[in-house]
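Keep the structure open while reading.

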Amino acid sequence: MEPGTRNLEPGTRNPELGTWNLETGTWNLEPGNRDLEKQNSGIRTLQAEPGLLLRPARFSEHGEPENSFAAGAFALSCLSIDAVYSRPLPKGSDNQQMIDLESFLRDVPDFPKPGILFKDITPLLASPAAFKEACDRLAKPFANKGVTKVVGIESRGFIFGAPVAQRLGAGFVPIRKPGKLPAETVSQSYQLEYGSDTIEIHADAIGPREKVLLVDDLLATGGTMAAAVELVAKLGGEVVGIAFVIELCFLPGRDKLAGQNVHALIQIK
Ligand code: AMP
């Protein structure tokens, strides 16, 4: 990166937002503009600091990086927010700029079956700022806990688990549905309301006494995560924590995980 330049992630909440105008190829720094992710007529709002020399980052309409600067910004989004944006927050107020993550969820009634209110996380994923903050906040309680493996559960647990692993400097391990993992696996079955389900992990994915953080998008009955805890135990790993984006507090999922350090970003009462 050239001196005086800095890659910044699009859409991060910041008191001084700048806009990159794709039409004119210029930056406008707009102190006090708190609008996030303006995407009207090709203008996209990016995080900026006054006086900072910024270089063009081009994104497709789907938010994918289209040049190396944009790719760099995306790569940096894998770092902690503190590393990417260096302005220190006042002591004791680390939630000063917290995004209301719940407002990025979409309720879909009767999906995938009648009677289920599905919590759709795709609007949260589509927002660079909300997705990044969710990953930051999932990882934060487990920094300095010596986590060496982050285990994500298929499939939405992969989306959050991998960036959390990067933030913690840990490896990522997938737990998958039967028949998906190519090498030798260990399996665990668990009860559903009607019938049962099975999940698998590679037999060599976690070494004895490795410290493991488990990640999934949502805690409902807790059956899936309790089975994942069993799998980690079968391989000799030590579960130091379990992180969810969403917890449905009206279901007894937490009881199934008694004794575990359970962390949830959004608690639905
Ligand atoms: P459970 O084993 O009952 O805790 O279910 C957890 C898994 O089912 C998670 O991987 C979720 O992705 C999914 N899940 C369960 N209920 C919902 C819901 N209401 N909305 C979205 N996903 C759900």
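**Overall**

The model is predicted. The protein chain holds 7 helices and 12 strands. Its length is 269 residues, and 45% of them count as buried. Take the contacts between residues at least 6 apart in sequence: 57% of these join residues at least 24 apart. The accessible surface of the chain is about 13,700 Å². Carbon and sulfur atoms account for 52% of that surface.

**Ligand site**

There are 13 residues around the ligand. Arg156, Asp217, Thr221, Gly222 and Thr224 come nearest.

| Residue | Atom on the protein side | Distance to a ligand oxygen atom |
|---|---|---|
| Aspartate 217 | polar side-chain atom | 2.8 Å |
| Threonine 221 | N or O atom in the side chain | 2.5 Å |
| Glycine 222 | polar backbone atom | 2.8 Å |

On its own, the ligand has 480 Å² of accessible area, and the protein covers 81% of it.

**Helix α6**

Helix α6 runs over residues 223–234. Its 12 residues reach 17 Å from the first C-alpha to the last, close to the expected 16 Å. Buried residues in α6 are Gly223, Met225, Ala227, Ala228, Val229, Leu231 and Val232.

Glutamine 188 lies in strand β8. Is this residue buried or exposed? Its relative accessible area is 16%, so glutamine 188 is buried, the cut-off being under 20%. The side chains of glutamine 188 and lysine 234 are joined by a polar contact of 2.8 Å. Leaving out residues up to four places away in sequence, glutamine 188 touches Asp197, Thr198, Ile199, Ala227, Glu230, Leu231 and Lys234.

**Helix α4**

Helix α4 covers residues 128–139. Its 12 residues should span 16 Å at 1.5 Å a residue, and its end C-alpha atoms are 17 Å apart, which agrees. The rest of the structure largely encloses α4, because 11 of its 12 residues are buried.

**Aromatic pairs**

How many aromatic pairs does the structure hold? It holds 3. One of them joins phenylalanine 111 and phenylalanine 118, edge-to-face, at 5.1 Å centre to centre with 85° between the planes. Phenylalanine 111 is partly exposed at 44% relative accessibility. Phenylalanine 118 is buried, at 18%.

Phenylalanine 131 and phenylalanine 160 also form an edge-to-face pair, 5.8 Å centre to centre and 85° between the planes. Phenylalanine 131 lies in helix α4 and phenylalanine 160 in helix α5 (residues 156–168), so this pair ties together parts that are 29 residues apart in sequence. Phenylalanine 131 is partly exposed, with a relative accessible area of 23%. Phenylalanine 160 is buried at 0% relative accessibility.

**A loop residue**

Proline 182 is in the loop between β7 (171–175) and β8 (185–191). Proline 182 counts as exposed, because its relative accessibility is 76%. Histidine 202 is 20 residues away from proline 182 in sequence, and their C-alpha atoms are 8.3 Å apart in space.

Note on methods
Residues are numbered from 1 along each chain as its sequence is written. This is a predicted model: local features need pLDDT of at least 70, side-chain atom pairs count only at pLDDT 80 or more; totals for chains, interfaces and linings use all residues. Side-chain values use heavy atoms; hydrogens and water are left out. Helices (H or I, at least four residues) and strands (E, at least two) are DSSP runs, numbered from the N terminus. Buried means under 20% relative accessible area, exposed over 50%, partly exposed in between (1.4 Å probe, protein chains only). Contact means heavy atoms within 4.5 Å. Accessible areas come from the Shrake-Rupley method with a 1.4 Å probe; for residues, only the protein chains shown count as cover. The expected span of a helix is 1.5 Å times one less than its number of residues. A residue is near a molecule or strand if one of its heavy atoms lies within 4 Å of it. A polar contact is a pair of N or O atoms within 3.5 Å; within protein, one must be able to donate a hydrogen and the other to accept it, and residues adjacent in sequence count only if both atoms are side-chain atoms. Rings of Phe, Tyr and Trp (its six-membered ring) pair if their centres lie within 6.5 Å; planes under 30 degrees apart count as stacked, over 60 as edge-to-face and the rest as tilted.
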